[in-house]
There are 4 protein chains.
Amino acid sequence: MKIEHFATVQFYDTDCGGVVSNIAYLRFVEEARTIQFAELGLSLDDINKSQIFPVVTRTEIDYRAPAKLGDKIRISAFLETVGKVRAICGFTLETTREEGKNITLSVAKQTAALVQMPSGKPRRVPAEWSKMTTSC
Amino acid sequence: MKIEHFATVQFYDTDCGGVVSNIAYLRFVEEARTIQFAELGLSLDDINKSQIFPVVTRTEIDYRAPAKLGDKIRISAFLETVGKVRAICGFTLETTREEGKNITLSVAKQTAALVQMPSGKPRRVPAEWSKMTTSC
Amino acid sequence: MKIEHFATVQFYDTDCGGVVSNIAYLRFVEEARTIQFAELGLSLDDINKSQIFPVVTRTEIDYRAPAKLGDKIRISAFLETVGKVRAICGFTLETTREEGKNITLSVAKQTAALVQMPSGKPRRVPAEWSKMTTSC
Amino acid sequence: MKIEHFATVQFYDTDCGGVVSNIAYLRFVEEARTIQFAELGLSLDDINKSQIFPVVTRTEIDYRAPAKLGDKIRISAFLETVGKVRAICGFTLETTREEGKNITLSVAKQTAALVQMPSGKPRRVPAEWSKMTTSC
């Protein structure tokens with residue numbers, strides 16, 4: 001499975017270097033992952049009701065080109081690997097500049113586990129997720 | 001009562017206008033309020049245990065002069081007014097520039113109520129707080 | 001003039017009180033203001049080119065009801081008052097809960113000035129903005 | 001070289017899962033890196049003057065145990081590897097719980113390059129940094 005999400009770079013995403021802060025990219029990734037998990041049957045409403053939370057256990061992110069104020073960012077999210085208690089999601093963040101050229105801003109991977117709150121007990125990743133893996 | 005807190009402006013506090021984002025000031029205010037409430041007997045540990053949370057019901061903030069990357073900010077927090085179910089806290093944010101001149105960056109007021117979680121029921125503000133009011 | 005913007009409450013917007021952090025509302029307000037200013041001829045692209053930045057000089061925000069993870073928030077932005085060097089924008093933040101009931105989460109006002117960067121010199125607010133004022 | 005920095009978990013660092021948001025850890029890492037770079041001769045004041053900015057090109061972060069509201073976090077920063085145009089910094093984030101037990105919350109690595117603004121031209125990492133490498 002693959003989902004796409006779009007975000008516009010806001011003032012609060014940038015820093016005084018004139019470009020998007022390395023931290024802000026993680027908000028774009030989280031928004032895309034939220035949509036991805038909703039498609040997998042774990043929407044925010046589902047989470048509120050079941051109190052089964054996705055927990056990020058690892059993030060890897062490479063910053064390739066700086067994004068700027070007003071850029072429209074296209075975030076693609078993939079389900080890359082599904083294990084018993086962990087799933088690895090891949091993300092690409094791209095923008096199209098005035099000249100029509102596509103620019104890869106960043107690529108990222110996040111490992112997520114499912115946890116039952118408030119006990120904190122790990123939950124199995126649904127078996128059907130493994131049929132939905134894809135790659136960038 | 002009056003408490004003082006110090007913060008250094010980080011990259012993530014600034015935006016591409018070259019100065020501190022209007023939103024970031026609220027983090028400085030919250031840090032000072034956390035220290036203030038701890039002195040009033042409502043530390044983060046107390047909150048974790050009692051599940052009585054301070055809830056901000058109103059914020060007013062004036063931005064007087066722009067803060068910049070690396071500025072050391074002195075945040076003073078005052079307990080201005082104490083009612084039955086609400087307290088009003090005042091804040092001044094200042095820095096000292098190289099020339100030794102004191103600059104007021106921002107002044108703010110926040111109204112806070114106390115709420116018992118998870119019921120969300122309002123709680124009385126402790127009566128002894130009213131002896132501790134002061135003004136900027 | 002009036003514009004509407006929609007946002008979905010993300011994990012990073014909430015805090016351990018179980019509701020949206022008072023600080024996160026300012027991000028929703030800023031997104032709406034960005035759209036509002038684009039309609040007024042001051043889009044993020046325009047800002048990048050002209051280096052005329054809107055600067056928030058005052059924020060007032062009342063928190064009326066707590067927003068929660070997954071809430072769809074409708075932010076309405078109004079241009080309330082236009083002066084020579086300042087404009088006051090009004091905002092209402094609402095959501096519709098399952099029962100179809102409309103809930104006002106927050107109301108806010110921001111005063112903005114226009115500043116030429118990097119000189120920091122104030123700029124006049126365009127005269128035509130005064131024909132576009134409206135109220136909540 | 002190794003530096004230590006301390007931070008207290010604030011409300012705005014947590015999310016409705018009851019623990020610190022994965023994104024907030026990057027703020028703690030950035031604060032420690034700022035202190036580390038100041039010790040290496042690249043303080044925020046130096047950056048303001050020289051307009052040579054450290055730019056993060058990659059982050060890897062593992063989340064080992066959840067941090068909670070009020071936790072005192074000790075962030076240790078190491079300079080692990082120094083190349084011609086890149087340096088790799090390592091970070092450990094730990095807290096001590098009531099029972100006196102030390103808990104590793106997170107470990108991270110960031111690759112940073114130095115960039116001359118506003119041209120965006122890469123700069124050589126100072127040769128003397130390579131004498132200061134150490135490991136966790």
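Two residues are in contact here if their C-beta atoms, placed from the backbone, lie within 7 Å. By that rule, the contact between chain B and chain D takes 14 residues from chain B and 13 residues from chain D. This is a predicted model, where local features need pLDDT of at least 70, side-chain atom pairs count only at pLDDT 80 or more, and totals for chains, interfaces and linings use all residues. Residues are numbered from 1 along each chain as its sequence is written, while chains are lettered from A and ligands numbered from 1 in the order in which they are written.

**Chains B and D**

- Helix 1 and helix 2 of chain B each supply at least two residues of the side that touches chain D; helices (H or I, at least four residues) and strands (E, at least two) are DSSP runs, numbered from the N terminus.
- That side of chain B splits into five nonpolar, five polar and four charged residues. The classes go like this: Ala, Val, Leu, Ile, Met, Phe, Trp, Tyr, Cys and Pro count as nonpolar, Asp, Glu, Lys and Arg as charged, and the others, Gly among them, as polar.
- The superposition is by least squares on the C-alpha atoms of residues with pLDDT of at least 70 in both copies.

**Chains A and D**

- Here 18 residues of chain A are in contact with 18 residues of chain D.
- On the chain A side, helix 1 (24-39) and strand 2 (52-63) each bring at least two residues. The largest share, nine residues, comes from strand 2 of chain A.
- By class, the chain A side has eight nonpolar, five polar and five charged residues.
- Strand 2 of chain A pairs with strand 2 (residues 52-63) of chain D in the antiparallel sense, over five bridges; two strands pair if DSSP finds at least two bridges between them.
- Within that pairing, Asp62(A) has Arg58(D) as its bridge partner in strand 2 of chain D.
- Chain A can also be laid on chain D by a turn of 180 degrees and a shift of 0.0 Å along the axis, with an RMSD of 0.0 Å. The C-alpha of chain A nearest that axis belongs to Glu60(A), 2.2 Å from it.
- The same surface serves both copies again, with 100% of the contact residues of chain A recurring in chain D.

**Helix 1 of chain B**

- The 16 residues of this helix (residues 24-39) should span 22 Å at 1.5 Å a residue, and the end C-alpha atoms are 24 Å apart, which agrees. The expected span is 1.5 Å times one less than the number of residues.
- Twelve of its 16 residues are buried, so the helix is mostly covered. The cut-offs: a residue is buried if 20 or more other C-beta atoms lie within 10 Å of its own, exposed if 12 or fewer, and partly exposed in between, with C-beta atoms placed from the backbone.
- Among the buried ones are Tyr25(B), Phe28(B), Arg33(B) and Phe37(B).
- After the helix comes Gly41(B), with a positive phi near 95 degrees.

- Met117(A) and Pro118(A) are joined by a cis peptide bond, with omega about 5 degrees. Pro118(A) is in the loop between strand 5 (102-116) and strand 6 (121-123) of chain A.
- In chain C, the peptide bond from Met117(C) to Pro118(C) is cis too, with omega near 0 degrees.
- Gln51(B) isn't a glycine, yet its phi is positive, about 55 degrees. Gln51(B) is in the loop between helix 2 (44-50) and strand 2 (52-63) of chain B, and counts as partly exposed with 13 C-beta neighbours inside 10 Å.
- Gln51(D) also has a positive phi, near 55 degrees.

**Leu105(D)**

- Leu105(D) lies in strand 5 (residues 102-116) of chain D and is buried, with 24 other C-beta atoms within 10 Å.
- Leaving aside neighbours within four places in sequence, the contacts of Leu105(D) include Arg64(D), Ile73(D) and Leu93(D).
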